[in-house]
Amino acid sequence: MARKQPDITVPDLTGKVAVVTGASDGVGLGLAARLAAAGAEVIMPVRNPRKGEAAVAKIKQQHPEAVVSLRELDLSSLGSVAALSAALRGENRPIHILINNAGVMTPPDRQTTADGFELQFGTNHLGHFALVCQLLPLLRAGRARVTSQISVAANENSINWDDLNWDRSYNGRRAYSQSKIAFGMFGLELDRRSRAAGWGITSNISHPGIAPTNLLAARPEVGRTQDTAGGRLIRALSRRGILVGSLETAPLPALYAATSPDACGGRLYGPSGFQHLSGAPAEQAVYSRLRSEDDAKRIWQISENLTNTSFPAALSTTDPAASR
């Protein structure tokens with residue numbers, strides 16, 4: 001007998017504009033489909049147009065009335081981030097929900113982004129950091145809920161402050177953890193700065209637990225020619241309903257964090273089951289590695305410098321203008 005999958009009720013999102021990164025497959029596709037089914041207009045910025053078109057077709061097949069559209073975005077290129085942000089600002093439509101979901105995980109060998117950053121740090125954290133900064137006028141106009149997807153790996157290892165780009169030595173798992181720790185601190189710091197400056201944005205963070213997504217599958221673009229042993233094990237456990245979640249449950253924490261009237265800024269949401277690996281979404285304690293406000297301010301400043309972006313001064317509440 002198949003186990004009953006947990007689920008949540010998504011409120012009516014008619015009239016809302018939602019942006020979901022990484023929505024061409026996996027968790028992101030599940031998020032985009034659920035948001036569209038609830039009435040939101042969903043913008044799907046994707047790196048691979050072919051996969052994006054297939055994702056749109058799948059959503060339309062499930063929800064014929066869905067309003068979904070594609071945009072181009074490669075988070076490993078700050079130029080691509082700037083181009084998408086400029087295009088959306090040109091459309092001048094408020095964004096009400098932003099789910100920063102896209103990511104890459106553990107390339108076997110060190111790779112770099114178009115701008116020379118270690119691929120995971122540059123894509124998972126810096127690309128999203130720049131995207132939020134450059135979309136800030138639209139997020140403020142929509143009094144947006146921003147949910148940033150981290151990982152259980154943010155509860156492991158640390159920030160490699162002396163070698164953020166892993167130039168001297170490379171460890172794929174530790175570099176992945178660093179990218180998610182930095183991104184988690186950003187998501188929490190964004191909420192603090194919004195409250196201090198009156199930006200009107202609510203920012204929280206989520207993680208999907210463990211589920212059989214494509215992050216550990218064969219990914220030629222990151223130098224992985226076959227599925228990892230860990231990925232194969234996760235799929236086997238998921239099929240049997242043991243410990244880990246499924247592709248149906250993995251989107252739920254981010255979906256809850258981004259849409260529930262009970263979800264708050266500055267909080268972490270994840271599965272509520274054993275070790276937060278699977279189960280219904282719920283608030284959980286923020287990981288210890290994400291709690292230092294000093295570290296969050298430090299990574300924020302470094303990120304502004306590396307991406308050549310600048311948020312408005314946190315102490316200024318009088319100027320509603322766009323970030324530079």
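Which residues in α4 meet which residues in α9? In this predicted model, where residues are numbered from 1 along each chain as its sequence is written, Phe 121, His 125, Leu 126, Phe 129 and Ala 130 in α4 meet Ile 299, Trp 300, Ser 303, Glu 304, Leu 306 and Thr 307 in α9, contact meaning heavy atoms within 4.5 Å. By class, this contact of α4 with α9 has seven nonpolar, three polar and one charged residues (Ala, Val, Leu, Ile, Met, Phe, Trp, Tyr, Cys and Pro count as nonpolar, Asp, Glu, Lys and Arg as charged, and the others, Gly among them, as polar). Local features need pLDDT of at least 70 and side-chain atom pairs count only at pLDDT 80 or more, while totals for chains, interfaces and linings use all residues; side-chain values use heavy atoms, with hydrogens and water left out.

Helix α4 spans residues 119–134 and helix α9 residues 293–307, and the two pack at an angle of about 85 degrees with their axes 10 Å apart. They are therefore roughly perpendicular to each other, a term for angles of 65 to 115 degrees. Axes are lines fitted to C-alpha atoms, for helices over the stretch in contact, and angles run from 0 to 180 degrees between N-to-C directions. Helices (H or I, at least four residues) and strands (E, at least two) are DSSP runs, numbered from the N terminus.

Turning to the strands, an open sheet of eight has the order β3-β2-β1-β4-β5-β6-β7-β8, with mixed pairing. At the edges stand β3 (67–72) and β8 (281–284), each with a single partner strand, so one side of each is left without a neighbour in the sheet. Two strands pair if DSSP finds at least two bridges between them. Strands β4 (residues 97–100) and β5 (residues 145–149) run parallel and are joined by four bridges; Asn 100 has Ser 148 in β5 as its bridge partner. Helix α1 (residues 26–37) lies across β1 (17–20), β2 (41–46), β3, β4 and β5, running at about 170 degrees to β1.

Helix α1 also takes part in the second largest pocket, giving five residues, the largest share of its lining. Here a pocket is an open set of points on a 1 Å grid over the protein atoms alone, with protein on both sides within 12 Å along at least five of seven lines, and lining residues have an atom within 4 Å of a point. The lining counts 18 residues, with Gly 30, Gln 62, Leu 247, Glu 248 and Pro 251 nearest the centre of the pocket. These lining residues divide into eight nonpolar, six polar and four charged.

Definitions and conventions:
Parallel < 35°, antiparallel > 145°, perpendicular 65-115°, else oblique. 1 Å grid on protein atoms, 1.4 Å probe; cavity = no way out; pocket = protein on both sides within 12 Å on 5 of 7 lines; lining within 4 Å.
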